[in-house]
Amino acid sequence: MTAAQTTETLLIPGPTPVPATVTSAMTAAMINHRSESFTELATAVHTGLQAVFQTEQETIVLPAAGTGGMESVIVNLLSPGDRVLAVTIGNFGERFADIAETYGAAVERLAFPWGEAVDCDRLAARLNEDRNGEIKLVLVTHNETSTGVTNPLPDIAAIVRRHGALLAVDAVSSLAAVNFRFDEWQIDVAVSGSQKALMCPPGLAVLAIGERAWQAAAQATMPRYYFDWQGYRKSFHNRHTPYTPAVSLMYGLREALRDILDEGLPTVFARHAAVAELCRQGSTDLGLELFADPRYLSETVTALRPPAGVSPALIRQRMRQRGFVLAGGQGQLKDEIFRIGHLGYIREQDVQRGLDALKTVLAELREEVAVNG
Ligand SMILES: *Cc1c(COP(=O)(O)O)cnc(C)c1O
């Protein structure tokens, strides 16, 4: 694999660099989506997704951003007025809660300070108070991209399972980068997107859906049409889709899944861990401070506080001039942090080159601060 031709290096948590193998797979000739050829393509994609989600449950692919996949979770699992516990540790957790509210669910937020992970004792205590089992669905973000924190998902899943509510997980920036065991952790629904660790361009939401979630979907009355999972399930059995699928992106996804599974999930996870460690070590060596709780540092995105007197926007601007694209802070963290994404088709040398540029940029900016005050 080599990187597709590009003038800048993307060190953002999505979209991520797309390998040339994936780019070229997407140029294959168009086919009829009601054909044997499409059935073959869909079968390969679904089998690959099952391997990556570590599940034997059904998967579906929606032509949508990851947020569309999240919206599909809400409209398929709930009826208006249903009680939802949205566990939030940052911007994407807030988004999941907002979607549920938009559709008329009765959303209670269990929010933790940005930069921290879920406090499992508090989650367990809240669910224990719900003696009549009124909370129907718990929403949680596996890896909170806005703060660079990975939640202890196996512990969270065990707590939710004991209570009995459904558990829906936003795995957009974790799937295929850090361990995610859908079946073993007894997750009900998980959603991800093509443009993060799955090494594809933006445009596909992918979901794994367990049996309890299918049962809930059969009862749920929130309005839905395009995102109605039942239509996808019916078509699924002959490997077709209810509406025209994003065929070219699926060619790309088939190739990316092949590449990921050829590398081997344990190797992929170890690579992400090593690149993340390099990024943290390199950044702290430059005098930068990690934003997140050190116990729950993300292996896909590192959030950093700039040196005193230097704005994150300026760091990003100078890095851009050197050919490296970094991410800013979101929401309340806009002026406080910047972020380095290291997921998907990323190698240590990519991050190392970014760190080398960052060293030069920080030296320049520190000098300017010293001169100009
Ligand atoms: C990127 C991301 C999303 C949103 O994905 P879009 O494709 O931009 O809609 C949701 N959740 C997390 C954790 C993400 O990192």
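Which strand holds glutamate 289? I found glutamate 289 in strand β11, residues 289-290. I am working with a predicted model, in which local features need pLDDT of at least 70, side-chain atom pairs count only at pLDDT 80 or more, and totals for chains, interfaces and linings use all residues. Residues are numbered from 1 along each chain as its sequence is written, and side-chain values use heavy atoms, with hydrogens and water left out.

**Entry 1: glutamate 289**

I took helices (H or I, at least four residues) and strands (E, at least two) as DSSP runs numbered from the N terminus. Glutamate 289 has a relative accessible area of 47% and is therefore partly exposed; buried means under 20%, exposed over 50%, and partly exposed in between, with a 1.4 Å probe and protein chains only. I then looked up its contacts (heavy atoms within 4.5 Å). With neighbours within four places in sequence left aside, glutamate 289 touches Ala303, Leu304 and Arg305. I also checked isoleucine 337, which is 48 residues from glutamate 289 along the chain, with 9.5 Å between the C-alpha atoms.

I located aspartate 350 in helix α12, residues 348-372. Its relative accessibility is 18%, so aspartate 350 counts as buried. Outside the four places in sequence on either side, aspartate 350 is in contact with Leu11, Phe324 and Tyr345.

Glycine 164 sits in the loop between α6 and β8 (166-170). I read 38% relative accessibility for glycine 164, which therefore counts as partly exposed. From glycine 164 to glycine 331 I noted 167 residues in sequence and 33 Å in space, C-alpha to C-alpha.

**Entry 2: α5 against α6**

I looked up how helix α5 (residues 120-129) packs with helix α6 (residues 153-163): the angle is about 10 degrees and the axes are 10 Å apart. The axes are lines fitted to C-alpha atoms, for helices over the stretch in contact, and angles run from 0 to 180 degrees between N-to-C directions. α5 and α6 are therefore roughly parallel; that label covers angles under 35 degrees, against over 145 for roughly antiparallel, 65 to 115 for roughly perpendicular and oblique for the rest. From α5, Cys120, Leu123, Ala124 and Leu127 meet Asp155, Ile156, Ile159, Val160 and His163 of α6. By class, I have seven nonpolar residues, one polar and one charged in this contact. Ala, Val, Leu, Ile, Met, Phe, Trp, Tyr, Cys and Pro count as nonpolar, Asp, Glu, Lys and Arg as charged, and the others, Gly among them, as polar.

**Entry 3: cavities and a pocket**

I searched the whole structure and have four cavities of 30 Å³ or more. On a 1 Å grid over the protein atoms alone, a cavity is a set of points where a 1.4 Å probe fits but cannot get out, a pocket is an open set with protein on both sides within 12 Å along at least five of seven lines, and lining residues have an atom within 4 Å of a point. The largest cavity has a volume of about 90 Å³. Its lining includes Phe38, His46, Tyr232 and Arg239. α2 gives the largest share of that lining, three residues.

The second largest pocket has a volume of about 250 Å³. I count 21 lining residues there, with Pro13, Gly14, Phe92, Gln195 and Lys196 nearest its centre. The largest share of this pocket's lining, three residues, comes from α3. The lining of the pocket has eight nonpolar, nine polar and four charged residues.

Technical notes: Grid points are joined across faces, edges and corners, and a volume is the space filled by probe spheres set on the points.
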